Amino acid sequence: MSLTGTPFLYTAVVLSVVALILPLVLWSRMRGPKAVRVAARVLMLLFAQATAVTLIFVMVNNQNNLYDNWADLLGTGNHVQQAANLGRDGTGGIALRRLPKVRQEFTAADGPAMHAAGGVRVTQLKGRVSGVDAEVYVWLPPQYGEPAYRDHRFPVVELLPGYPGSAKAWFGSLKVHEQLEPLMRSGRVAPFILVAPRTNLLAGTDTGCANVPGTVNADSWLSIDVPRMVSDNFRAAAAPANWAVAGYSAGAHCAVKLAVAHPDRYRAAISLSGYNDPIGERNSLTAQSVTLRERNNPYLLLRKAHLPPRIALYLSGESGDGYQAAVALEQVAKAPTTVHVVFLPRSAGGHNMALWRPQVPSVFEWLTVNMGQSRLRSGATPRAPSSAGSTRAALASGTASRAGAARKR
């Protein structure tokens, strides 16, 4: 039975109801020695508690897409076939252009919201460079199948969840495709192909989207294998100017790090409540040593870069949860790197989907402009603070300010 499936949810509901009724019906009707009656009552109470906890977990997991399957929950999943030393560029010296095309079979993805807005499809990809074997979810914009766009190559955004987190989270919890489809039809947002690869590759460990020889090549999986597969199977624009990566929480850290480290692969990155130092995630693989922390800290990478990368960064966060990390990147960034920081007041919510979900439209409008997919001039995203305080509408449009937050508090 699937961890995120409807049958398991219904089973948990039924068992919770049964566990509640049992003590009401049998408590005073127990027969036999006192020890047996006490033991039976204790078991009924424990059963009621266990079913209640299970039901709450299932509901929270379905809402936030934390664990995709039983292997993820139990820590028995391992999607790494091999982890060779691939060098600084993550290619292992492989001539990528000479590799044969990757042809994949896609099926309709299952799960909450996965059939909405035209449906999300999924494939199991064996990364030729990274040695990772995992699923990748793809959603195609409404224009993709239209005759007028039959020769058009579409821009792509990779979507990364937090940790723990399912690759389905952007579609299931954030409803990114449901929010963007009408905006794409109206022309407010460019028709992006949305790609969500698995990032939970090692049991009980956040890879930090890094290459660690002998352990995992998560960077090469996300920045080489997945993009090549998408380009080989869909009409995706291959140039770096047409590729972006977005994430929340641990996925936000990954998004910025990938863009800073690989400006030859990505033009823009979105960070929602992210951090710079990998130690921001206690289960991070890259927080295990000073060397790994430095190599995977986008702040240090940006500060030490001999040639500032030609990338655009959109960073949002609350005070103490992403905002300071964003400002730090803004302070060390030099042209042609551009950084747009959005301050979120504490009144807007916490470190959860309710905070990130309303930001989706404004984030993709910003991407549309800053990736050259719009006729609007670059930097047209509204920056003026809200005149009526930092309301949820201001949060969603990216106009919230520290001053507005102070007035509201």
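How many of the ten residues of helix H10 are buried? Here are a few notes on that and on some other spots in this predicted model.

1. Let me start with the helix. H10 spans residues 323–332 and is mostly covered, with seven of its ten residues buried. The buried set consists of Tyr323, Ala325, Ala326, Val327, Ala328, Leu329 and Val332.

2. Strand E4, residues 156–160, is also mostly covered: five of its five residues are buried. Val156, Glu158 and Leu160 point one way from the strand, while Val157 and Leu159 point the other way. In a regular strand, side chains alternate between the two faces of the sheet. Do note that Glu158 is among the buried residues here.

3. Next, the neighbours of E4. Strand E5 (residues 193–197) runs parallel to E4 and is joined to it by three bridges; Val156 has Ile193 as its bridge partner in E5. Strand E8 (residues 243–248) also runs parallel to E4, with five bridges joining the two. On that side, Glu158 has Val245 of E8 as its bridge partner.

4. You will find one disulfide in the structure. It is formed by Cys209 and Cys254, whose sulfur atoms are 2.2 Å apart. The link of Cys209 and Cys254 is right-handed, with 95 degrees about the S-S bond. Cys209 sits in the loop between E5 and strand E6 (211–212) and Cys254 in helix H7 (residues 250–261), so the pair ties together parts that are 45 residues apart in sequence. Both cysteines, Cys209 and Cys254, are buried.

Definitions and conventions: Residues numbered from 1 in each chain as written. Predicted model: local features only at pLDDT ≥ 70, side-chain atom pairs only at ≥ 80, totals over all residues. Heavy atoms only, no water. Buried < 20%, exposed > 50% of the residue type's maximum accessible area, 1.4 Å probe, protein only. Helix = DSSP H or I, 4+ residues; strand = E, 2+ residues; numbered from the N terminus. Pairing = 2+ DSSP bridges. Disulfide = S-S within 2.5 Å.
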